[in-house]
Each structure stands twice: as C-alpha cells, then as structure tokens.
Amino acid sequence: MLTVNALDHYYGQSHALRSVSIDVPAAACTSLMGRNGVGKTTLARCLMGLEIPRAGEMLFDQIPLEKHPAEYRAAAGIGYVPQGRQIFPLLSVEENIRTGFFAAKHSSNSIPQDIYDLFPVLAEMKNRRGGDLSGGQQQQLAIARALVIEPKLLILDEPAEGIQPSIVQEIADVITTLSRERNIAVLLIEQKLPFIRKVADRFAIMERGSIAARGGMDDLSDELVNQYLVV
Ligand SMILES: Nc1ncnc2c1ncn2[C@@H]1O[C@H](COP(=O)(O)OP(=O)(O)OP(=O)(O)O)[C@@H](O)[C@H]1O
Ligand SMILES: [Mg+2]
C-alpha cells in the first residue's frame, strides 16, 4: 500500500531523515518505533506533505506522493492522526469529526454510523465540546476524524501518549479491527512496547534519522529493545 524509498529530509543543516525506507502493507499494522527525537514524526509529516523531503520517493498505491500537494493525501485515502491529537476544543464532537471531510474535499458530509460503532463514547458525547473530553476521548475523536474519509492507509502518531490504560486498550482494539478486519494499512508510530505487542504485526525501529532494524514481531528481541528503545 505504501512504500517509502531512501527518503532524506533536512531541517536547515540538520539531517533529520537519512535514507529511510519502509513498507506499510494493507491488512496489517506496522509499528514505527524509536526514542524521542529520532525522526518518527518527521517521517509522518513528509508522508502527509507537511514537510518536503529533499530526496527519495513515497509510493502510495504506486502513486508518487512527493509529486502531489498536501491536499492530495486525504483525497487519495490517507488518514492522519497527528501527535498531540490537535482536535478543536471549541467545536462539538460531531463538528470535530466532520472536519475530516474538509481535508478530503469529500462530497458527503454525513458521518458513517460505523464510526460511532467503533467509538460509542463519541455518540454519547456528540454535542459536547471537544475541549470537555478527557485526553483519551480526545484521542478517540482524532482517530474518528481521520476515519470519515474511509482511508486505505491510516497513520497514527503516538496515540497512547498520556492516556489512561482503559482507553489505550479500546484504541488497541480499534486498531486491530481496522487492520485485520477492514484491511487498512496502519502505520503506528509508538514507543509503548506492551501496546505495540498487542496490535502490531511488523515493526521498524528508527535511530537518529535512519531505520536501524525491522521485521515481524517475533524478530523483536530483547537485544533490540535494550539497544534502541529502553531509555
Ligand atoms: N520544525 C523543526 N525544525 C527544526 N528541527 C526540528 C523540527 N521538528 C523536529 N525537529 C528535530 O528533528 C529531529 C526529529 O524530530 P521528530 O519530531 O521527528 O522526532 P520524533 O521521533 O517524532 O520524537 P518524539 O518521540 O519525541 O515525538 C529532532 O532532533 C527534532 O528536534
Ligand atoms: Mg514525534
């Protein structure tokens, strides 16, 4: 579904992505791991057209994303849940979900029922303001907003960050449903190992802008965890 080849990105003189290559196939969850500041969010922002890489290619369904403007991503079927959620605190829950349509210039504006089936709490709270929700509920809202366009690829940037364990479990269940039952290609940027082990089928580890290791979850050894993940 998504293939990234030899991507390079700089912030000024600082070389933030160094020849990054990663595959994100459909119907599986690929976890991108790595300590703070290694370049995980930078990769997501390049994929979304929010940063312009200096070199390399990003093929989505064989289409080179780097040749298209940022608006193209959602329209083509890429959903994005940014780090820190970035919901609109003053808009209602329902209005927040609807903003997902604008990103894709979608003709429909009725929220598919299955979004509320995935997140029943959002149905209960649809007239409340986004800012009144707990952190975990806001994360669910950000995921719901990304799902209205029925993406083929969903990129989530640290969705378990600062969230209570019960909601982390609910989010894990949703990610599993999306990847294994709805065949979505999921790129999960994450540092929390128990969460990753619950939902991921494959992993890649970043270290200082490069991919240092990759494999199926069975290949994620204690050595790799100690070398690249434990702080
Ligand atoms: N807008 C920017 N301008 C300059 N440097 C930046 C910018 N954004 C990020 N960086 C730097 O690029 C490097 C990679 O940052 P990035 O946010 O991609 O890391 P990350 O792996 O997502 O970290 P975290 O786990 O803390 O979210 C860091 O050294 C960071 O300080
Ligand atoms: Mg980040």
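The magnesium ion (ligand 2) is held by two side-chain atoms, OG1 of Thr41 and OE1 of Gln83, at 2.0 to 2.2 Å. Thr41 belongs to helix α1 and Gln83 to the loop between β6 and α3, so the pair ties together parts that are 42 residues apart in sequence. The model is predicted.

**Metal site**

**Helix α1**

- Helix α1 covers residues 40–47, and six of its eight residues are buried, so the helix is largely enclosed by the rest of the structure.
- The buried residues of α1 are Lys40, Thr42, Leu43, Ala44, Cys46 and Leu47.
- After α1 comes Gly49, which has a positive phi, near 80°.

**The four-stranded sheet**

- Four strands form an open sheet in the order β2-β1-β4-β5, and their pairing is antiparallel.
- At the edges are β2 (14–24) and β5 (63–64), each of which pairs on one side only.
- Helix α1 packs on this sheet and touches β1, β2 and β4. The direction of α1 makes about 110° with that of β1.
- Within the sheet, β1 (residues 2–11) and β4 (residues 55–60) are paired in the antiparallel sense over five bridges.
- Val4 has Met58 of β4 opposite it.

**The six-stranded sheet**

- Six strands form another open sheet, in the order β6-β7-β8-β3-β9-β10, and here the pairing is mixed.
- β6 and β10 (210–216) are the edge strands, each with a single partner strand, so one side of each has no neighbour in the sheet.
- From one strand to the next, the twist averages 15°.
- Strands of a sheet pair through backbone hydrogen bonds, and the pairing can be parallel or antiparallel.
- β6 and β7 run parallel and are joined by four bridges. Gly79 has Leu154 in β7 as its bridge partner.
- β7 (residues 153–157) also pairs with β8 (residues 185–189), in the parallel sense and over five bridges. In this pairing Leu154 stands opposite Val186 of β8.
- In a regular strand, side chains alternate between the two faces of the sheet.
- In β6, Ile78 and Tyr80 point one way, while Gly79 and Val81 point the other way. All four of these residues are buried.
- Helix α6 (residues 135–147) lies across β6 and β7 and runs at about 165° to β6.

**A buried arginine**

- Arg85 is found in the loop between β6 (78–81) and α3 (93–104). Gln83, one of the two residues that coordinate the magnesium ion, lies in the loop between β6 and α3 as well.
- Arg85 is buried but has no salt bridge. A salt bridge needs a side-chain nitrogen of Lys or Arg within 4 Å of a carboxyl oxygen of Asp or Glu, and the nearest side chain of opposite charge to Arg85, that of Glu161, is 6.7 Å away.
- Leaving aside neighbours within four places in sequence, Arg85 is in contact with Gly135, Gln138, Gln139, Ala142, Arg145, Glu161 and Ile163.

Terms used. Residues are numbered from 1 along each chain as its sequence is written. Chains are lettered from A and ligands numbered from 1 in the order in which they are written. This is a predicted model: local features need pLDDT of at least 70, side-chain atom pairs count only at pLDDT 80 or more; totals for chains, interfaces and linings use all residues. Side-chain values use heavy atoms; hydrogens and water are left out. Buried means under 20% relative accessible area, exposed over 50%, partly exposed in between (1.4 Å probe, protein chains only). Helices (H or I, at least four residues) and strands (E, at least two) are DSSP runs, numbered from the N terminus. Lys and Arg count as positive and Asp and Glu as negative; His and the chain ends are not counted. Contact means heavy atoms within 4.5 Å. Two strands pair if DSSP finds at least two bridges between them. Axes are lines fitted to C-alpha atoms, for helices over the stretch in contact, and angles run from 0 to 180 degrees between N-to-C directions. Donors are N, O and S atoms within 2.8 Å of the metal (3.2 Å for Na, K and Ca); water is not among the atoms, so sites may look incomplete.
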